Amino acid sequence: MTETRRTSFFALLFFIYFIGVSFLMAYLPLASRLSDSAYMLLSQLICFVPPLLVYFKWSKKNVKETLRLNPLGWKNLLLLLSFGISIQPLMSLLSYLTALFFPNPVEQSVGGIQSSGFLVSFVAVAVLPAVFEECFSRGILLSGYHFLGKYKAQFACALLFGLLHLNPQQFPYAFIVGFIFAFLVERTNSIFASILPHMIINGTTIFSIFATSSETMTTAAAELPQGSVLASLLVVSLLSLPWLAALLYLFLKANPPREELLLLDENGSPYRERFLSPAIITIFAIFIVFGLLPYVMA
């Protein structure tokens with residue numbers, strides 16, 4: 001089995017485990033006694049920690065190299081902080097557009113999040129997902145797909161990151177931001193290049209939820225015409241583009257392309273592997289059955 005197929009097979013096993021644990025936890029007596037954020041915190045720990053430990057035990061790979069646990073440096077730290085804040089308008093626009101067709105799960109759980117308290121909610125929604133999802137996607141998957149080539153590997157892990165959300169409303173912007181995160185990690189050779197903006201994006205959602213009551217958010221959303229909301233988001237997104245372009249220029253200047261170590265085939269060409277496999281097709285089928293059909297048939 002090639003390295004790419006082995007990585008895809010692990011991704012498939014993770015998807016099955018993730019769905020299975022999520023269903024089991026929903027029926028546990030403990031689940032009904034936990035707040036929404038406490039439930040999310042517990043589910044993150046159960047869904048991610050065992051598979052990550054099993055993967056490194058099974059693969060015998062070096063944890064530091066696979067996850068790219070390398071320091072960022074102060075310049076990249078400042079650039080990525082600015083990026084995580086500046087990309088918010090575009091993320092809001094994408095989320096709003098997809099919410100026109102499918103319900104937004106974050107909006108549906110606002111009341112439950114607010115009742116959990118800020119600290120627990122911040123850890124459950126911003127910190128743990130940023131750490132665990134990045135270790136899985138931009139750590140294990142990006143490393144395991146290196147024989148696809150740099151950009152195809154970034155595309156592959158972004159695609160699986162989007163599918164992992166098992167939600168058609170979240171898939172488009174999860175895929176886009178997943179590709180950006182993979183590019184940031186590849187350029188800096190540090191997983192912290194994606195953990196930091198991921199935490200900022202999710203954390204901003206928590207700050208906005210606690211800064212406004214759920215009743216106020218619901219009333220405001222109901223009173224504003226869709227056209228006005230969309231126009232506002234478009235204007236703010238367009239205004240953010242020059243600043244994002246400047247940040248990208250500074251980031252690329254600070255992080256020139258790293259030399260890619262190539263394994264050559266018998267013809268002297270770079271050795272490459274195929275991404276599509278039975279495991280990937282099965283993951284797509286899982287997304288359709290568990291992620292798409294429930295919304296289409298509702």
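This is a predicted model: local features need pLDDT of at least 70, side-chain atom pairs count only at pLDDT 80 or more; totals for chains, interfaces and linings use all residues.

A: By residue class, the contact of helix 1 with helix 10 comprises 7 nonpolar residues, no polar residues and no charged ones.

The geometry of the pair comes next. Two packed helices are described by the angle between their axes and by the distance between those axes. Here, helix 1 covers residues 3-26 and helix 10 covers residues 150-164, and their axes come within 12 Å, crossing at roughly 10°. Because an angle under 35 degrees counts as roughly parallel, helix 1 is roughly parallel to helix 10. The crossing of helix 1 and helix 10 is right-handed.

A further residue may be considered, Ser-137, which belongs to helix 9 (residues 118-144). Its relative accessibility is 0%, so Ser-137 counts as buried. Leaving aside residues up to four places away in sequence, Ser-137 touches Leu-142, Cys-157 and Phe-161.

These details belong to a chain that contains 15 helices and 0 strands. The radius of gyration of the chain is 20 Å, close to the 19 Å that the globule rule gives for 298 residues, so the chain is as compact as a globular protein of that length. Along its principal axes, the C-alpha trace spans about 65 × 50 × 35 Å. Of the 298 residues in the chain, 44% are buried. Among contacts in the chain with a separation of 6 or more, 82% join residues 24 or more positions apart.

Conventions
Residues are numbered from 1 along each chain as its sequence is written. Side-chain values use heavy atoms; hydrogens and water are left out. Axes are lines fitted to C-alpha atoms, for helices over the stretch in contact, and angles run from 0 to 180 degrees between N-to-C directions. Helices (H or I, at least four residues) and strands (E, at least two) are DSSP runs, numbered from the N terminus. Angles under 35 degrees count as roughly parallel, over 145 as roughly antiparallel, 65 to 115 as roughly perpendicular and the rest as oblique. A crossing is left-handed if the near helix is turned anticlockwise from the far one by less than a right angle, and right-handed if clockwise. Ala, Val, Leu, Ile, Met, Phe, Trp, Tyr, Cys and Pro count as nonpolar, Asp, Glu, Lys and Arg as charged, and the others, Gly among them, as polar. Buried means under 20% relative accessible area, exposed over 50%, partly exposed in between (1.4 Å probe, protein chains only). Contact means heavy atoms within 4.5 Å. The radius of gyration is taken over C-alpha atoms; the globule rule is 2.2 Å times the number of residues to the power 0.38.
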